[in-house]
Amino acid sequence: MTTTRTLLDELSPEAGRRLLEHSRPVRFDAGVRIFRERQRADRFWILQTGRVELDTHVPGRRDATVDTLVGGALLGCSWIMPPYVWHLGATAVTEVRALEFDARAVRELCDRDPAIGEVVFACVAATMARRLLTLRGRLLDGLVPRHGTEFPVYAR
């Protein structure tokens, strides 16, 4: 199930219409940096087509890819809670078409209408949980010994 389906289909038609009032269609060319870590998170997107890589800055190295998103995915979760600053970066790998939402307007809508807020917050929380599990898996892949090597044993 995609984010678009989860977020918009879980809302009543009227609530979905109200949420979509705060969106606009956008397009990003391949290679475009959509946002960077530590910039202000004032919008989010639901990808319709294309592929986006999420990354994190690694000092002294090039940015490390954390996850790859495709059509239907929610791009951007940092807009939902203060301090509203991106924790990751994002780059379009292919041409991307998406719905871009005004974060402040959506937060205000969620405050005014708790039913909408519940669905939006649940969707963002589920997305964040999936991304944490993906990142955990990537971290563990880097720690698991390969080709019969052993973990070092340290005295306690």
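Val 124 is placed in helix H4, residues 114–143, where helices (H or I, at least four residues) and strands (E, at least two) are DSSP runs numbered from the N terminus. The model is predicted, and local features therefore need pLDDT of at least 70 while side-chain atom pairs count only at pLDDT 80 or more, although totals for chains, interfaces and linings use all residues. Residues are numbered from 1 along each chain as its sequence is written, and side-chain values use heavy atoms, with hydrogens and water left out.

Val 124 is buried, with a relative accessible area of 3%; here buried denotes under 20% relative accessible area, exposed over 50%, and partly exposed in between (1.4 Å probe, protein chains only). When residues up to four places away in sequence are not counted, Val 124 touches Leu 74, Cys 77, Trp 79 and Ile 80, a contact being heavy atoms within 4.5 Å.

Zero disulfides are present in the structure, a disulfide being a pair of cysteine sulfur atoms within 2.5 Å. For Cys 77, which is in no disulfide, the nearest cysteine sulfur is that of Cys 123, 8.0 Å away. Cys 77 is buried at a relative accessible area of 13%, and Cys 110 is likewise buried, at 6%.

Regarding the backbone, the peptide bond from Pro 82 to Pro 83 is cis, with omega near 15°, and Pro 83 is found in the loop between strand E6 (74–75) and strand E7 (89–92). Tyr 84 also lies in the loop between E6 and E7, has a positive phi near 55°, and is partly exposed, with a relative accessible area of 26%.
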